[in-house]
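Student: I would like to learn how to read a protein structure, one feature at a time. Could you take me through it slowly?

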Amino acid sequence: MKLENYVDKSKRKRKIILISMSVIVLISVSLILYKTFASFTESIEFPIIDGKVDYFGNSDVYFVFYKGDELLDEMPQKGNAENLAFDHGECDNGASILWNESEWSPLVKGLNKTKTKCSLYFEEYIPTFDKEVVKCGQAGTSAVECIKNNANLDTINLASDETDDNNIRYIGSAPNNYIDIGDRTSDGQPILWRIIGVMNNIEDENNNTGSYLKIIRNDKDYFGTLAFDGSATDDELEWENSDIMKLINPNYENNQDYDYHGTNELMYFNNSLYWDRKNGMCYSSDMNNEIYTEECSFSKNGLSENVKNKIAKVKWNTEVNIEDIFNNTPAEYFYLKEKQDYPEKKWTGYVGLIYPSDYGYAVGGDVRKSCLEKSQNDYHGECYRNNWIKGTSWTMVSNNYKDRYNQNSNRIFMIQNDGYFFTVYETGDVDYSLSFMPVIYLISSTKIIDGNGNFSNPYIAAW
């Protein structure tokens, strides 16, 4: 009897222990689950399907969309016609919104509760200069007036050079100054140019003065590197006689010279190949700056036929007289010398190269004022980084002055790619191979009808 009582008591004791342990385990698991779900945070990215977001089904998040205070039926698509951009988002229940611009989708964080409502607000985002471009296009305003109007609204990309001519120039490291003038490669791809600015008081071939849009080819690397002049002497170093001028302008199809690297016979060189979009022979040089000739091709990227009659024939300044370019020669000084020195030697033509002052006045950003006070030969570092005209290139301006022996020392200005720009190369070095960037003035009837100047949305010119 005693044994049975002992066994029963033992069974009851084990049963109590098992039940107690089960209760403890159950409570522990419940606490863990409660704590887990109570502090649970979920991040969800929502896929875009045909511009709409599938927020329904298994999701506990409900989205509404606004344009300002106006409720929208659906989320605006990326690149929408109204140019709506995400402004901000708000969620209840402690959740928050992060916006992925590249994916054009919201990221919801901190989802602690079900049935969370999030509001996405979109606002019209059109920079002021974009609005003005559209206005110009709709009104049929000339490109010159359009850019002048934009300069009153957009002080980041545009600025006056504050000269007597009050030219408007594109400035900074990456301004929105791309323009499509209808220039095309041989396979139909657009060739974009970039706007240097609006130049006032420019004389045309008939001595009439006006304002013109001055533009530069954006893709200088297509042309390779060529000599400025393969046979220049001290008294011949002038733009109007240079081989590079004869390469990019019309009416030099019969230009001939001696082959300095071969037969020493008369051959066709630099004979309007860029203007006529042809292949031929050009002057270059080797590592020792010895002149030689090479085959060059402009059949794909030369000037398109349909834009030749859109180029104004104007008078270009080609010479200055500066004894010391290393001392007190800021952009303003170069500009005045370009305008005032040797006015009788202006060249009348279609296609040129940049001026030293074009580079000088292209500097922008917070350093613009201090850089414009520097000599252009000191344009390096921050002045270089805040300037969109970069890379080694010839200019069309020569420096004609008397050297210390009272002899003519005619030199040509160039841009270096190390930040020290407009170092002067002596006459004997003009056969050195450098890049070049064609520059033109568009005729005064040019209009801008679309675009905002961005590379992916360039200004569209029309006539």
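This is a predicted model: local features need pLDDT of at least 70, side-chain atom pairs count only at pLDDT 80 or more; totals for chains, interfaces and linings use all residues.

Student: Which order do the four strands of the open sheet have?

Tutor: Residues are numbered from 1 along each chain as its sequence is written, and side-chain values use heavy atoms, with hydrogens and water left out. Strands (E, at least two residues) and helices (H or I, at least four residues) are DSSP runs, numbered from the N terminus, and two strands pair if DSSP finds at least two bridges between them. In this structure, the open sheet of four strands runs in the order β5-β4-β9-β6, and its pairing is mixed. Because β5 (70-72) and β6 stand at the edges with a single partner strand each, one side of each is left without a neighbour in the sheet. From one strand to the next, the twist averages 35 degrees, where axes are lines fitted to C-alpha atoms, for helices over the stretch in contact, and angles run from 0 to 180 degrees between N-to-C directions.

Student: In which sense do β6 and β9 pair, and over how many bridges?

Tutor: β6 and β9 pair in the antiparallel sense, over seven bridges, and Leu84 stands opposite Glu124 in β9.

Student: How many disulfides does the structure hold, and how should I read one?

Tutor: In general, a disulfide is a covalent bond between the sulfur atoms of two cysteines; here a pair counts if the sulfur atoms are within 2.5 Å. The structure holds three of them. One is formed by Cys91 and Cys118, whose sulfur atoms lie 2.0 Å apart. This pair links distant parts of the chain, since Cys91 is in strand β6 (residues 84-91) and Cys118 in strand β9 (residues 116-124), 27 residues apart. The link of Cys91 and Cys118 is right-handed, with 110 degrees about the S-S bond.

Student: Which residues do the other disulfides join?

Tutor: Cys282 is joined to Cys296, with 1.8 Å from S to S. Cys282 lies in strand β17 (residues 279-285) and Cys296 in strand β18 (residues 291-297), so this pair ties together parts that are 14 residues apart in sequence. Another disulfide joins Cys371 to Cys383, at 2.0 Å from S to S, and with -100 degrees about the S-S bond the link of Cys371 and Cys383 is left-handed. When the bonded cysteines of the protein chain are numbered in sequence order, the pairing reads 1-2, 3-4, 5-6.

Student: Are Cys282 and Cys296 buried or exposed?

Tutor: Buried means under 20% relative accessible area, exposed over 50%, and partly exposed in between (1.4 Å probe, protein chains only). Cys282 is buried, with a relative accessible area of 0%, and Cys296 counts as buried at 10% relative accessibility.

Student: Which residues of helix α6 are buried?

Tutor: In helix α6 (residues 331-340), the buried residues are Ala331, Phe334, Tyr335, Lys337 and Glu338. They are on the same side of α6 because they cover an arc of only 165 degrees around the axis, the arc being that of the directions from the helix axis to the C-beta atoms.

Student: What do the buried residues of α6 pack against?

Tutor: Taking contact as heavy atoms within 4.5 Å, the buried residues of α6 pack against β11 (168-170), β20 (319-320), α7 (356-360), α8 (368-372) and β23 (411-415).
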